[in-house]
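Okay, thanks for coming, everyone. Let me put the structure up, and then I'll walk you through what the numbers say.

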Amino acid sequence: MKVCTLVRPGLPEDATVRIIDSGRLDFSGASPVATRSDLSALELALTWREREEVYTVVSCAIGDETIDDLLHLALSMGADEVVRVSAPCSYGNPELTAAAFARVVQDSGAQVVLCGHECDFDSTGMLAYSIAARLQWPVVTGIVEVEHRPGELRVLRRLEQGALETVAVRLPAVVAVCESVAAARYVGRAALARARRQPVPVWTMAASEAAGGIRGVESMGMTYARPLPADIDAPDEGLPALERLEHVISAGVGAREGRLLEGEPEEISARLVGVIGEWLGW
Amino acid sequence: MNCVWTVVECSSRGDIEDDSATLNLAQDIASSLGWSSKVVVVSTPTRPVDEELLRGSGVDCTVLEMRSGASGDRLAGSIFRLAGKANLELVVFRSSVWADDVACRLAALLKTSALTRCSSWRLSNEGKAVFLRFVLGGAAVQECEFRLGPCIVTFALDRARKPIERGRSRGISAAVECWNEPSAADDTLLRSCGIATGDPLEAAIDDADIIVAGGRGIGGEEGFGVLRELALALGGTMAGSRIAVDKKWIGRERQVGQTGKTVHPRLYVACGISGSSHHILGMKDSDAVVSINTDQAAPIHRVADVRVVQDYRVIVPALVHALHEHRARNRQQ
């Protein structure tokens with residue numbers, strides 16, 4: 001069985017990002033690094049291969065030759081095959097990335113697509129859904145644990161309030177994972193140097209093919225985020241001093257009913273359970 | 001006429017008040033663009049709608065009755081089928097893990113993209129809707145426009161209840177129509193095998209329904225272990241005042257107050273918290289507040305619906321025991 005993983009560029013933690021006049025991001029001073037959740041996805045695929053649950057791990061990156069280093073990193077981690085799609089895709093366009101990546105998956109004959117849920121340049125989380133729609137495969141996202149079973153994957157998905165949902169997904173499938181799914185292995189300089197000597201196969205995607213049928217979103221520009229003003233609560237200047245003082249102490253919040261529960265702890269607890277049950281509709 | 005749909009999940013009370021901010025925002029967009037608006041309320045067997053409450057809200061609704069739970073895959077398919085030939089231009093959700101999942105699936109079905117976690121919107125000079133969202137960890141704001149409709153957008157809005165603007169609705173007795181989920185054909189590809197309650201220390205406090213918070217009166221990290229039991233019994237999450245955070249009894253991301261986070265849960269249990277104005281500003285929008293503090297004069301009692309003037313070390317274990325007994329009794333019945 002083949003697993004296809006995607007390695008997208010991200011920004012190093014210390015990168016200085018500037019917004020230039022046209023409202024576009026300028027991060028020319030920073031060399032792109034691999035997105036951490038994508039590396040976690042690759043690590044997961046490599047673990048499966050080591051357990052002989054899969055046979056081939058393919059890693060793909062989309063862009064120009066400046067991102068070859070990301071594929072060298074994938075090779076040095078243990079990926080069997082790499083491919084770079086030379087496509088006119090701008091960073092952070094999930095539709096174009098999905099179009100290119102779906103073609104690679106179809107050509108490679110992979111049965112599982114593993115990628116990170118989000119990346120620096122696309123935080124919508126849309127990519128996995130777009131790939132799945134193009135391949136007509138089921139998709140699960142925000143995954144923190146994956147168990148490989150014959151013909152299906154059992155995944156653990158994080159929901160609100162810390163709840164975890166177990167989902168069974170029939171293969172072939174697209175799985176977008178969180179960084180916590182696996183810690184990417186450390187790669188030594190020697191392994192990286194060996195990987196750099198290997199050529200990276202390049203597949204070119206025509207502009208018309210990449211853009212075909214895409215209706216998606218267009219970024220109109222960027223601005224620096226301004227800090228929100230603090231929620232300042234000030235008493236009315238016309239109030240007497242004592243009332244202003246009271247207002248400051250109470251933060252302007254009116255007093256509530258304040259029903260006092262008295263008695264033995266067991267008695268208070270039983271009444272509290274009743275009151276809470278009423279509030280929460282138990 | 002172009003149409004804006006707002007998709008909301010029915011609350012456990014059977015109404016849509018938790019999504020009032022989303023409804024108002026969608027109504028604002030529809031009015032500005034001269035489009036019609038429609039509200040789709042998702043109802044499940046565990047969260048059925050109360051039609052009287054819906055009519056009382058004054059908003060015309062279509063209730064989408066999901067007979068077998070509202071998994072993202074199934075719900076997106078149902079909304080897609082419900083949309084049919086409607087001239088759908090914009091679908092708005094309040095951002096959550098559930099809503100972002102449904103929005104992206106719906107976008108894929110409609111062969112468009114979804115914009116998740118938008119913060120606001122504005123009208124462009126050409127009279128089109130431009131959506132704003134924070135990117136790069138909040139360092140920049142990106143302005144996005146859809147090339148072609150329909151636009152699928154989720155907004156990161158709070159759940160503070162505000163009056164719902166009635167806009168184009170018919171007034172106090174609004175129309176409520178029901179639409180049943182036609183089939184659940186996708187079960188063979190994607191199947192939910194159950195949901196487990198999470199660790200109270202892992203769930204974020206921003207959107208929490210139930211919060212158990214501790215302050216200086218807790219006395220140490222081990223005191224938060226006692227509160228954790230209560231949070232587990234209530235199915236809630238944990239928070240702390242500034243003092244508890246400064247003393248490293250609980251993580252900074254769990255600080256409630258003016259220098260921390262503003263929360264608006266349905267239940268806020270304050271244990272050993274004196275209730276300084278800075279803290280109260282962060283939790284004043286809670287639906288119900290229980291204060292447990294040995295100091296009768298503590299300001300937190302002033303904003304509480306129920307006061308208990310006793311030591312939390314005595315009350316909290318007794319309350320946990322009573323909650324477990326209550327659950328056991330309910331299970332037997």
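This is a predicted model: local features need pLDDT of at least 70, side-chain atom pairs count only at pLDDT 80 or more; totals for chains, interfaces and linings use all residues.

**Salt bridges, cores and the interface**

I'll start with one residue: Glu179(A) is partly exposed at 43% relative accessibility. For bookkeeping, buried here means under 20% relative accessible area, exposed means over 50%, and partly exposed is in between, with a 1.4 Å probe and protein chains only as cover. Residues are numbered from 1 along each chain as its sequence is written, chains are lettered from A and ligands numbered from 1 in the order written, and side-chain values use heavy atoms, with hydrogens and water left out.

So who does Glu179(A) pair with? The partner is Arg36(A), in a salt bridge with the closest N and O atoms 3.4 Å apart. The rule for a salt bridge is a side-chain nitrogen of Lys or Arg within 4 Å of a carboxyl oxygen of Asp or Glu. Arg36(A) sits in helix H1 (residues 36-50) of chain A, and Glu179(A) in the loop between strand E12 (173-177) and helix H5 (189-196) of that chain, so the pair ties together parts that are 143 residues apart in sequence. Helices (H or I, at least four residues) and strands (E, at least two) are DSSP runs, by the way, numbered from the N terminus. Over all chains, the rule counts 25 salt bridges.

Next, the network. Which residues are linked in it? Arg157(A), Glu165(A), Asp73(B), Asp101(B) and Arg105(B) are linked by salt bridges. Take Arg157(A) to begin with: its bridge to Glu165(A) has the closest N and O atoms 3.1 Å apart, and its bridge to Asp101(B) has them 3.5 Å apart. Arg157(A) is buried, at 8% relative accessibility, and Glu165(A) is buried as well, at 11%. On the chain B side, Asp73(B) and Arg105(B) meet at 3.3 Å, N to O. Asp73(B) belongs to helix H3 (residues 72-83) of chain B and Arg105(B) to helix H4 of chain B, so this pair ties together parts 32 residues apart in sequence. Asp73(B) is partly exposed at 22%, while Arg105(B) is buried at 8%.

That brings us to the interface. In all, 74 residues of chain A are in contact with 81 residues of chain B, contact being heavy atoms within 4.5 Å. The area buried between the two chains is about 6,800 Å², and carbon and sulfur atoms give 57% of that. Buried area is the accessible area, with a 1.4 Å probe, that two parts lose on being put together, summed over both. How many salt bridges cross this interface? The rule finds three.

Now the cores. A nonpolar core is a set of buried Ala, Val, Leu, Ile, Met, Phe, Trp, Tyr and Cys residues joined through side-chain atoms within 4.5 Å. The largest has 56 residues, and those with the most contacts inside it are Phe101(A), Val174(A), Trp5(B), Ile79(B), Phe93(B) and Ile152(B). Helix H4 (residues 97-109) of chain B gives the most to this core, with eight residues. Apart from it lies another core, of 41 residues, including Leu46(A) and Val140(A). Back to Ile152(B): leaving aside neighbours within four places in sequence, its contacts include Val91(B), Phe93(B), Leu106(B) and Phe146(B).

Chain A has its own helix H4 (residues 127-135), and it's mostly covered, with seven of its nine residues buried. Among them are Leu127(A), Tyr129(A) and Ile131(A). The cover includes helix H3 (94-108) and strand E9 (139-149) of chain A, together with H4 of chain B. Just after H4(A), Gln136(A) takes a positive phi of about 60°.

Of the contacts in chain B between residues at least 6 apart in sequence, 63% join residues at least 24 apart.
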